[in-house]
Every structure is written in structure tokens, then in C-alpha cells.
Amino acid sequence: MRSFQKTNKKGFTIIELMISTTIFSLVLMICLAGVLQITKMYYRSVTQNKTREVARTVVDEIAEAIRFTNQTIQIGVPQVAGPQVPSGSDDVAYFCIGQKRYTYAIDRQVKSNPSPIPEAKHKKHALWVDQLAGCGTSADLNADRPSSDGKDLLPENMRLYQLQISLINATTQTYQVSIGVAYGDNDLLSPRPSGTPTELTCEGSFVGTEFCATTKYLVTVQKRL
């Protein structure tokens with residue numbers, strides 16, 4: 001007669017499987033949150049560095065033009081605090097340093113396909129520099145290419161929120177150049193509470209802050225010629 005030996009093999013219960021699944025899901029959520037935070041910090045750093053680089057390039061371009069010109073700096077109209085356009089105005093301003101003409105618009109985001117709605121605050125170009133024998137008019141910033149020999153100083157999605165040139169010493173021909181550049185859509189940028197209407201900040205924006213940045217440069221430059 002054969003004898004059979006009965007063995008008991010225990011497996012996981014449903015409750016144990018539910019607990020382990022819950023713990024595993026929590027671990028995955030924590031890892032995902034960490035990855036998203038690191039990605040957000042990376043893109044924010046890239047956006048900030050790019051904005052600083054562009055602002056630095058603009059202020060160096062204007063400072064170098066002032067430093068090596070032997071002609072009068074001509075500020076066109078409209079002129080507000082020389083030169084600056086109030087935020088919310090769609091007027092285009094310009095100024096000339098020697099034979100270089102700078103045409104710009106304050107608080108206008110650069111878009112290759114700008115929206116026709118004024119509230120969108122879009123323009124194809126926000127800061128255009130070209131060569132001009134005389135300084136009597138501004139370039140058309142809504143044109144595909146305002147002039148054949150010019151170039152854009154601001155890339156896509158960026159805007160000027162401040163551009164100011166001031167003569168601080170007529171004897172030594174010393175000028176002060178203030179440049180404010182912002183990156184981001186309108187809903188990510190807001191006026192700084194303690195500043196002027198054109199002082200923009202990303203503070204207070206909770207969503208999309210990795211795609212928002214502002215920077216400002218202030219330099220003093222003396223004419224050499």
C-alpha cells in the first residue's frame with residue numbers, strides 16, 4: 001500500500017498583495033516626483049542662462065556702439081525716460097548710435113507667427129538693429145524682415161521690458177545703459193509690485209516657472225572717440 005505525504009505550501013494572500021502593490025506604487029510616485037522636479041530645475045536653469053546670455057549680448061552690443069562712435073546719439077520718438085515705451089503701449093521706439101539704428105518695442109513677445117489680438121502682445125521682432133545713413137524713422141517690426149542688412153537681437157519667446165539710455169556726464173560723455181529682458185508667455189509674467197509698470201517678474205507663477213525668466217543689466221560706458 002502506498003502512503004501519500006501531504007505538504008502545505010503557503011502563497012501570498014490578497015491583503016498582502018494589495019499592501020505590497022500600494023507600497024510599490026508609492027515608491028514609484030516618489031521617484032516620478034523626484035524626476036519631474038529635477039527636470040523642472042534643469043529647464044529652469046537653461047531658460048535663465050539663455051535669458052541672461054541674450055541680455056548680456058544686447059547690452060554689450062549697445063555699449064560697444066556708444067563707446068566707438070564719434071557721432072551724436074539720436075533718440076527717436078516716442079521718448080519716455082530716454083528712450084523707453086510704457087508697458088501696454090504698442091508704439092515702436094527707436095534710437096541711433098552713429099549709423100546703427102535700433103528699433104524696439106517694450107513688452108512685446110517675439111513670435112514668428114504673431115497673434116493679431118492686441119492683448120497677446122506679440123511682434124515678429126522686438127529689437128532690430130541695422131545700418132542707416134539717417135535716423136528719421138523706425139523699422140517695421142511686424143515685417144518678415146524689416147531691413148535687408150539688419151538682424152534680430154532677441155530670439156523667439158523673449159521680450160524687452162526695459163531699455164533705457166541716459167547721459168549721466170556730458171563733459172566725459174558717459175552714458176548709462178539699462179536693459180531688461182524676459183522670457184515666457186504673458187500668463188507667466190507679472191509687473192513687480194514695488195517697481196514700475198515695465199518691471200516684470202516670474203514671482204507668483206506656480207505652473208510653468210521653468211519656462212519663465214527675467215534678467216536686468218545696468219552698465220556705464222564712456223565714449224572713446
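The following legends describe close-up views of a predicted model.

**View 1. A disulfide joins Cys202 and Cys212.**
A disulfide is a covalent bond between the sulfur atoms of two cysteines. The model contains one disulfide, in which the sulfur atoms of Cys202 and Cys212 lie 2.0 Å apart. The link of Cys202 and Cys212 is left-handed, with -90 degrees about the S-S bond. Both Cys202 and Cys212 lie in the loop between strand E11 (200-201) and strand E12 (213-222), so the pair ties together parts that are ten residues apart in sequence. Cys202 is buried, its relative accessible area being 15%. Cys212 is also buried, at 2%. Another cysteine, Cys31, is partly exposed, with a relative accessible area of 46%.

**View 2. Tyr42, Tyr43 and Phe211 form an aromatic cluster.**
A pair of aromatic rings is described by the distance of the centres and the angle of the planes. Four aromatic pairs occur in the structure. In the pair of Tyr42 and Tyr43, the ring centres are 5.4 Å apart and the planes stand at 70 degrees, so the arrangement is edge-to-face; the cut-off for this class is an angle over 60 degrees. Ring pairs link Tyr42 and Tyr43 with Phe211 into a cluster. Tyr42 counts as exposed, with 53% relative accessibility. Tyr43, by contrast, is partly exposed at 40%.

**View 3. Strand E3 pairs with strands E2 and E6.**
Strand E3 comprises residues 100-104, and four of its five residues are buried, so the strand is largely enclosed by the rest of the structure. Strand E2 (residues 93-97) runs antiparallel to E3, and five bridges join the two. Within this pairing, Phe95 has Tyr102 of E3 as its bridge partner. E2 and E3 form a hairpin with two residues between them. In the turn, Gly98 has a positive phi of about 65 degrees. E3 is also joined by five bridges to strand E6 (residues 127-131), again in an antiparallel arrangement. Here Tyr104 has Leu127 of E6 as its bridge partner. In a regular strand the side chains alternate between the two faces of the sheet.

**View 4. A nonpolar patch on the surface includes Ile23.**
The patch is formed by Ile15, Ile19, Ile23 and Val27. Together these residues have about 380 Å² of accessible area. One of them, Ile23, is located in helix H1, which spans residues 14-67.

**View 5. Asp60 and Arg56 form a salt bridge in helix H1.**
Side chains of opposite charge can pair when their charged atoms come close. The structure holds seven salt bridges, including the one between Asp60 and Arg56, with an N to O distance of 3.3 Å. Asp60 and Arg56 are four residues apart in helix H1, so about one helical turn separates them. Asp60 is partly exposed, at 35% relative accessibility. Arg56 likewise counts as partly exposed, at 35%.

**View 6. Asp107, Lys121 and Arg159 belong to a network of salt bridges.**
In the salt bridge between Lys121 and Asp107, the closest N and O atoms are 2.9 Å apart. Lys121 lies in the loop between strand E4 (109-110) and strand E5 (122-123), whereas Asp107 lies in the loop between E3 and E4, so the pair ties together parts that are 14 residues apart in sequence. Lys121 is partly exposed, with a relative accessible area of 24%. Asp107 is buried, with a relative accessible area of 3%. Salt bridges link Lys121 and Asp107 with Arg159 in a network.

**View 7. A salt bridge connects Lys124 and Asp144.**
The side chains of Lys124 and Asp144 meet with an N to O distance of 2.3 Å. Lys124 is situated in the loop between E5 and E6, and Asp144 in the loop between E6 and strand E7 (151-152), so the pair ties together parts that are 20 residues apart in sequence. Lys124 is partly exposed, its relative accessible area being 21%. Asp144 counts as exposed, at 62% relative accessibility.

Key: Residues are numbered from 1 along each chain as its sequence is written. This is a predicted model: local features need pLDDT of at least 70, side-chain atom pairs count only at pLDDT 80 or more; totals for chains, interfaces and linings use all residues. Side-chain values use heavy atoms; hydrogens and water are left out. Rings of Phe, Tyr and Trp (its six-membered ring) pair if their centres lie within 6.5 Å; planes under 30 degrees apart count as stacked, over 60 as edge-to-face and the rest as tilted. Buried means under 20% relative accessible area, exposed over 50%, partly exposed in between (1.4 Å probe, protein chains only). A disulfide is a pair of cysteine sulfur atoms within 2.5 Å. Two strands pair if DSSP finds at least two bridges between them. Patches are made of residues with over 30% relative accessible area and no salt bridge: like charges are joined within 9 Å, nonpolar side chains (Val, Leu, Ile, Met, Phe, Trp, Tyr) within 5 Å. Accessible areas come from the Shrake-Rupley method with a 1.4 Å probe; for residues, only the protein chains shown count as cover. A salt bridge is a side-chain nitrogen of Lys or Arg within 4 Å of a carboxyl oxygen of Asp or Glu.
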